[in-house]
Amino acid sequence: MVKKLQGEAFLLSANELRTGKVVFFTKKGWSSSTREAIKIKADEINKYEEISIREEKKCKIVSAKFVELDDAGNIKTLRDKIRNCGITIKI
Amino acid sequence: MYKYSDTDKKIIASRVKQFENQVNRRLEGKLTEEEFKPLRLMNGLYLQLHAYMLRVAIPYGELSSKQLRKLAFIADKYDRGYGHFTTRQNIQFNWPKLPDVPEILNELSLVEMHAIQTSGNCIRNISSDHLAGLTINEIEDPRPWCEIIRKWSTFHPEFSFLPRKFKIAVIGCDEDRAAMLVHDIGIRIIKRHCQVGFEIFVGGGQGRTPIIAKKIKNFLPKKDILNYLEAILTTYNQEGRRDNIYKARIKILVQELGIERFKSLVEENFSKLSNKELEIDKKSIEEIFQYFRLPPLKSSSDKIPLEDNQEYKNWIKQNVIPHKIKGFSIVQISLKEPKKPPGDATSNQMKALAKFSEDFSFSEIRVTHEQNLVLPHVPNKELFNLWSQLKKENLATPNLGLITDTICCPGMDYCALATARSIPISQKISNHFNNYCKQKEIGNLKIKISGCINACGHHHVGNIGILGLDRRGEEFYQITLGGSAKEDAAIGEIVGPSFSETDLIDAIEKILNTYKKHKKNKGEDFLSVFRRIGIKEFKKDLYDNFTEKS
Amino acid sequence: MIILQKNHEHKNHYKKIKEQDFLKKKISNGSILTISQWREVEHIIQAQEIDVAIEFSSDACILCENDKLSKVAMIQINFKTFKDGRPYTFAKMLRKKHNFTGELRATGHIIPDQYIFLIRCGFDSVEIEEEHKETWLELLEMDEGLYYQP
């Protein structure tokens, strides 16, 4: 899953298996909000990757990925922002 | 329209049951995501950025009012009240939930629809000319052939795990309204020495390696069509590359082998493996043609009503074309209403259109590859009445073929593969060029926008193509010029360095100014001018005082 | 692992030949050879009354025009991944071009949802984990025998 991750801090994110909804990993499990999401340092990636594999096996989530944070601790890339906040257009 | 036989119904019903079984096994953990993915894809189910997406097949773009109503029902009950019509004449729902999908498929099966093979590495939904059966210069209606190929390709045991996806389009006249030449196989019905048969093209496609299909067969007798397709697919399944996803389409195989070598392999398979049972006899051709007969249209001398209403006049001029039966018109419904994602229709619009098709068009609707809809058989005398009603539903935008009639993929707002957004770009274009007179002055012009190199928005074949890129986290847009998806198909040329979202409209304006400057007469459209003067003139005007921000 | 032939379960009678046995040309009943091994010993086996098999990997399903298969009792195709569709076409070629009439078996990474496709393309049997047998049989059972292709 880990593909040339460059940043220093990340969130572990995934889609809920049943709904496809974007979720983030918190101390209490998966949440649709980033508020309590665990901030993961680069050297903890392996540990959280194992967690994500375990969680996928439980059939709760799918397509787990690490979301990179910028220096201020906000989600860095536009794609991940859209993933988190939803589509940018009015329907 | 085609009507399902009992066999069709049973096959679809058993497929729904099978998918329900697969979904349950997935939810219980008996199927891994790796194993489930190709199975769900073969049922049109993707996982996108923030939800699942279900792509429903609309074979050769033909819908009945009942089917359109069912799509509206699904949009309301299982989604968020809208759907998105695609460049392969399908419809996508953006927010279904996995456990609901078998139920949605069941609902679809009740109106003879499904989502089979709308994704995955198999033969996809067969696409065609949205004006099939409606125009005078047609040699033969392509839809029956699409239906024959649809059946043959559905759950084909040998071709369900191809190196990559496989798209086939069939057209019935010289004019190409189905982008046939950028399909893996393009089929054109032709007449030679009083005999009707097929001209076959192979290896066209877009994506990161855009290629115009090459002719592999000058004339194929009707009866051999399935055996010949089978010979091509046999060759591809065996020889196509599987080591690199970007080189796995048939176009790369044809390119690497050369068309002559590829053709000789196909011909060998055709002569050695052809199966008598796949030959199509006259009787079964006639049987299938019965389903596609025109509704009972009585020709008349009825004229299009003249009303003193400029908007109506614009709409007639832009969106309405003559039917082959006198006294009737083909009404093209633009899904490019300003400020709306191109190709989107709300459930209310779908319901309204279903009603209009019943009142005015023998319950028939067509979907175009340019993401618009068509009411195919409207009596001329009803046109003003229909327009008035369409207008109330925001379905009377008079922009068919004009600059705001863009093709546009969902882009990064929805798609997990996209590198930039595309819908906001198309909205900017439609806001900027909103005025009908201004658009009319620019004339016929196809802008096509893709949010990544996979080219779902057909940017390679846009007269002006726009490709969204990610440059160090910022969205940039590369412009190509001179592409065409028609019978004179061409891949656009990159004009130069890309533009930021802010500079893009300005760049388009400059390109249009170059066009206007060189236009010889009122009728000379953008593509003709481009072909006459070449890309250099455009480059010169575009980049002279322009420094690219990076 | 078990062998499933339609809905019947069988024991596997075939085993890959050991390199040292092959070097001594000790080919016994039930040996599985590679295609190059087969080409080497074909003339010996023609005269013997033993059942041998050839194994192909799904990514190397290649035969020459003059490969003789009439004395081959079984051909086994090992799927590297279930997404590799080449063996389906290879099966057709074996049956139609090379007139192979022996048993055709799928092994390796195959999934129950492919069972009908495999059978329809000319496979006779599959090698699967015993614990998955029920699912394979269930999917076989669900098939109503209605197809669009001959």
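1. Strand β1 (residues 2-5) of chain C is joined by 3 bridges to β2(C), and the two run antiparallel. Within this pair, C:L4 stands opposite C:E9 of β2(C). The model is predicted: local features need pLDDT of at least 70, side-chain atom pairs count only at pLDDT 80 or more, and totals for chains, interfaces and linings use all residues. Residues are numbered from 1 along each chain as its sequence is written, with chains lettered from A and ligands numbered from 1 in the order in which they are written.

2. That pair belongs to an open sheet of 8 strands in chain C, ordered β2-β1-β8-β7-β6-β5-β4-β3, with mixed pairing. Its edge strands, β2 (8-10) and β3 (15-16) of chain C, each pair on one side only. Pairing requires at least two DSSP bridges between two strands; helices (H or I, at least four residues) and strands (E, at least two) are DSSP runs, numbered from the N terminus.

3. Helix α2 (residues 35-46) of chain C packs on the sheet and touches β4 (31-34) and β5 (52-57) of chain C. Contact here means C-beta atoms, placed from the backbone, within 7 Å. The direction of α2 makes about 120° with that of β4(C); axes are lines fitted to C-alpha atoms, for helices over the stretch in contact, and angles run from 0 to 180 degrees between N-to-C directions.

4. Helix α3 (residues 86-96) of chain C lies across β6 (72-79) and β7 (103-108) of chain C, at about 165° to β6(C).

5. In chain B, β7 (residues 168-171) and β8 (residues 185-192) run parallel, joined by 4 bridges. B:I168 has B:I185 as its bridge partner in β8(B).

6. β8(B) is also joined to β9 (residues 195-202) of chain B, antiparallel, by 8 bridges. B:R188 is partnered by B:E199 in β9(B). The hairpin of β8(B) and β9(B) has 2 residues between the strands, and B:H193 takes a positive phi near 45° there.

How values were computed
Contact = placed C-beta atoms within 7 Å.
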